[in-house]
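Please open the model in your viewer and keep the selection panel at hand. The stops below proceed from one selection to the next.

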Amino acid sequence: MSQPAARFLSLDVFRGLTVFLMIVVNTAGPGAKAYTQLVHAPWFGFTAADAVFPSFLFAVGCSMAFAFSKPIPLNDFTVKVLRRAALIFLLGFLMYWFPFVRKVDGDWALIPFSDTRVMGVLQRIALCYLLAAFAVRWLSPRLIVALCAVLLLGYWAILMAFGDPAAPLSKLGNAGTRLDLLLIGQNHLYRKDGGFDPEGLLGTLPSTVNVLAGYLAARFLKENPGSSRAMGQMAIAGLVLILAGLIWSPLFPIAKKLWTSSFVLLTVGIDLILLAGLAKLLEGKASNPGTYFFQVFGLNPLVLYLFSELFVVVLGMIEVAPGVGIYEWVGVNLFQAVMPGAFGSLLCALAYTLVCWLLGYVMARRGVVVKL
């Protein structure tokens, strides 16, 4: 997740755009339902919000094309990768445990480990990074493409073979949920989706393809700097993958929460087209205020994501009325009062996202870049 070379402005902006959208989607203003496109599809289906996390993984892969471009001894490489994956996983785990205490009968009590979610967004990033890093180390681009095909087809086969025969793609009947219940346990899974964890262990396999696709895309840009033909080829590849995902979807429906293989093809295709478009517009040009806005998010993506998730929890803990935290109060009494409905919810999320941007701006101005 380190910053790529400055000359590839498109990659900086792409990564910053994903962080920006992730914060907006995750912190919808209270008091009204958000726009449908800013809410994840309940199961099968696709919304704009569903494209954010896979794009984040794609951006991680883009960074790997630069981080692993120089030769490094295998032992040093292994230590570096394992250390980074472990730290990202730990940060994700602690993020879900935060604030570590809760009120019980009016008194504060420690949240027990037995009630803490183990998997999550950063945990999935860590595991995908781990698998993708060793694949990149040992495999040629052709073999990486072959590995992606094996992962997507293999995941489909596992779900159909080991899920509930009557409903192999259902939330509680799919093989991924069965594996999570066996290895992790119900108390350590996501609590808000009927016992199903959208970042479960088995979903790591198809998710890794998003990372590997990002690596291949950034490597392709590095090998063809400023080439309009290369950007066109990338856009065409994206279109082909989107069509492939749609063609596959009647047999293996598009579903972000289950992270189906058709979903992977669709989101990788979208990311390739978006990255090709950004490269066409931005490469060879100087940064401007518009691009700098997203570069700020992309410079310290992990810090800003963690801050966005933790600070909103803190605001919720500071009550301005019984059972009403600051964020809820501001969302309802300010943004909903001025602009009721989904638009007010979006304005609240954007305002909060700008607060996160200010932290990133201060860090950027001071030359602070946090790398694991």
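Before the tour continues, some conventions apply. The model is predicted: local features need pLDDT of at least 70 and side-chain atom pairs count only at pLDDT 80 or more, while totals for chains, interfaces and linings use all residues. Residues are numbered from 1 along each chain as its sequence is written, and side-chain values use heavy atoms, with hydrogens and water left out.

**Stop 1: the cysteines**

A disulfide is a covalent bond between the sulfur atoms of two cysteines; here the criterion is a pair of cysteine sulfur atoms within 2.5 Å. A search of the whole structure returns zero disulfides. Cys128 is buried at 0% relative accessibility, and Cys148 is buried with a relative accessible area of 11%. Buried denotes under 20% relative accessible area, exposed over 50%, and partly exposed the range in between, with a 1.4 Å probe and protein chains only.

**Stop 2: helix α8**

Select residues 228–248, which form helix α8. Helices (H or I, at least four residues) and strands (E, at least two) are DSSP runs, numbered from the N terminus. The 21 residues of α8 reach 30 Å from the first C-alpha to the last, close to the 30 Å expected at 1.5 Å a residue; the expected span is 1.5 Å times one less than the number of residues.

Colour Ala230, Met231, Met234, Gly238, Ile242, Gly245 and Trp248, which are the buried residues in α8. They lie on the same side of α8 because they cover an arc of only 135° around the axis, where the arc is that of the directions from the helix axis to the C-beta atoms. An α-helix has 3.6 residues a turn, so residues three or four places apart point the same way. Then select Arg229, Ile236 and Ile247: these exposed residues are on the face of α8 turned away from its buried side. The cover over the buried residues of α8 includes α5 (141–162), α7 (204–223) and α9 (261–282); contact means heavy atoms within 4.5 Å.

**Stop 3: from Trp259 along α9**

Move to Trp259, in the loop between α8 and α9. Trp259 has a positive phi of about 55° although it is not a glycine, and at 0% relative accessibility Trp259 counts as buried. Continue into α9, which is mostly covered, with 16 of its 22 residues buried. From first C-alpha to last, α9 reaches 31 Å, close to the 32 Å expected at 1.5 Å a residue. Gly284, with a positive phi near 85°, follows α9.

**Stop 4**

Select Phe98 and Pro99. Which form does the peptide bond from Phe98 to Pro99 take, cis or trans? The bond is cis, with omega near 10°. Phe100 has a positive phi near 75° and is partly exposed at 30% relative accessibility.

**Stop 5: open and enclosed space**

Rolling a probe the size of a water molecule over the atoms shows where empty space is left. On a 1 Å grid over the protein atoms alone, a cavity is a set of points where a 1.4 Å probe fits but cannot get out, and a pocket is an open set with protein on both sides within 12 Å along at least five of seven lines; lining residues have an atom within 4 Å of a point. Grid points are joined across faces, edges and corners, and a volume is the space filled by probe spheres set on the points.

The largest pocket has a volume of about 1,600 Å³. Select Tyr96, Arg117, Tyr190, Lys192 and Glu309, the closest to its centre of the 44 lining residues. The largest share of this pocket's lining, seven residues, comes from α11.

Five cavities of 30 Å³ or more are found in the whole structure. The second largest cavity holds about 80 Å³ of space. Finish with Tyr155, Phe196, Asp197, Gly200 and Gly203, which are the closest to its centre of the 15 residues that line it.
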